[in-house]
Amino acid sequence: MKKLARVVTVAALVGGVVAGVAPAATAAPAKAKMLDSVTLRAKATSSSTARGVIPKGTTVSYDDVSYVVGGKYTACGVTEKIWYPVTYKGVKGYIVAACMK
């Protein structure tokens with residue numbers, strides 16, 4: 001019986017579940033097209049330092065599970081607080097989620 005318990009424990013560890021705890025979410029790479037030109041900000045707030053502008057129609061890669069609830073903004077006809085970290089032309093920053101398609 002102890003051998004069976006060890007096999008079940010090892011199987012659970014290999015499968016990523018221990019004592020009913022699911023594994024942490026992993027990054028899910030995604031792409032989004034900008035619905036309008038957006039400012040790349042140093043922090044997730046519209047009053048943060050601008051690091052550049054991503055032109056309308058540009059496609060950016062982002063991690064769709066690592067959004068940030070930051071400063072409130074109105075963009076692309078939506079008032080929201082969700083921002084995504086992105087890297088554009090080698091510069092890291094945050095962009096508003098409302099203008100991502």
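In this predicted model, M34 touches I54, P55, K56, G57, T58, V60, I95, C99 and M100, when residues up to four places away in sequence are not counted. M34 also belongs, together with I54 and I95, to the residues with the most contacts inside the largest nonpolar core, which has 21 residues. Two of the other partners of M34, namely T58 and C99, lead on to the topics below: T58 sits in the loop between β3 (50-54) and β4 (59-63), and C99 forms a disulfide with C76.

**Nonpolar core**

- The elements that give two or more residues to the largest nonpolar core, the one of 21 residues, are β1 (29-33), β2 (38-41), β4, β5, β6 and β7.
- Among these contributors, β6 gives the most to the core, with 4 residues.
- As general background, nonpolar side chains in soluble globular proteins tend to be buried together.

**The loop residue T58**

- T58, in the loop between β3 (50-54) and β4 (59-63), has a relative accessible area of 18% and is therefore buried, the cut-off for this class being under 20%.
- Leaving aside neighbours within four places in sequence, T58 is in contact with A32, K33, M34 and Y88.

- β1 pairs with β4 in the antiparallel sense, over 5 bridges, and K33 has T59 as its bridge partner in β4.
- K33 is also one of the residues in contact with T58.

**Disulfide**

- A search of the whole structure finds 1 disulfide, formed by C76 and C99, whose sulfur atoms are 2.0 Å apart.
- The link of C76 and C99 is right-handed, with 110° about the S-S bond.
- The pair joins distant parts of the chain that lie 23 residues apart, since C76 is in the loop between β5 (68-75) and β6 (78-88), whereas C99 is in the segment after β7 (91-96).

**Aromatic pairs**

- The count comes to 3 aromatic pairs, and ring pairs link Y62, Y67 and Y84 into a cluster.
- In the pair of Y62 and Y84, the ring centres are 4.9 Å apart and the planes stand at 70°, so the arrangement is edge-to-face, a class that requires an angle over 60 degrees.
- Y62 lies in strand β4 and Y84 in strand β6, so this pair ties together parts of the chain that are 22 residues apart in sequence.
- Y62 counts as buried at 17% relative accessibility, and Y84 is likewise buried, with a relative accessible area of 13%.
- The rings of Y67 and Y84 have their centres 6.2 Å apart and their planes at 65°, so this pair too is edge-to-face.
- Because Y67 lies in the loop between β4 and β5 and Y84 in strand β6, the pair ties together parts that are 17 residues apart in sequence.
- Y67 counts as partly exposed, at 45% relative accessibility.

Conventions
Residues are numbered from 1 along each chain as its sequence is written. This is a predicted model: local features need pLDDT of at least 70, side-chain atom pairs count only at pLDDT 80 or more; totals for chains, interfaces and linings use all residues. Side-chain values use heavy atoms; hydrogens and water are left out. Buried means under 20% relative accessible area, exposed over 50%, partly exposed in between (1.4 Å probe, protein chains only). Contact means heavy atoms within 4.5 Å. A disulfide is a pair of cysteine sulfur atoms within 2.5 Å. A nonpolar core is a set of buried Ala, Val, Leu, Ile, Met, Phe, Trp, Tyr and Cys residues joined through side-chain atoms within 4.5 Å. Rings of Phe, Tyr and Trp (its six-membered ring) pair if their centres lie within 6.5 Å; planes under 30 degrees apart count as stacked, over 60 as edge-to-face and the rest as tilted. Two strands pair if DSSP finds at least two bridges between them.
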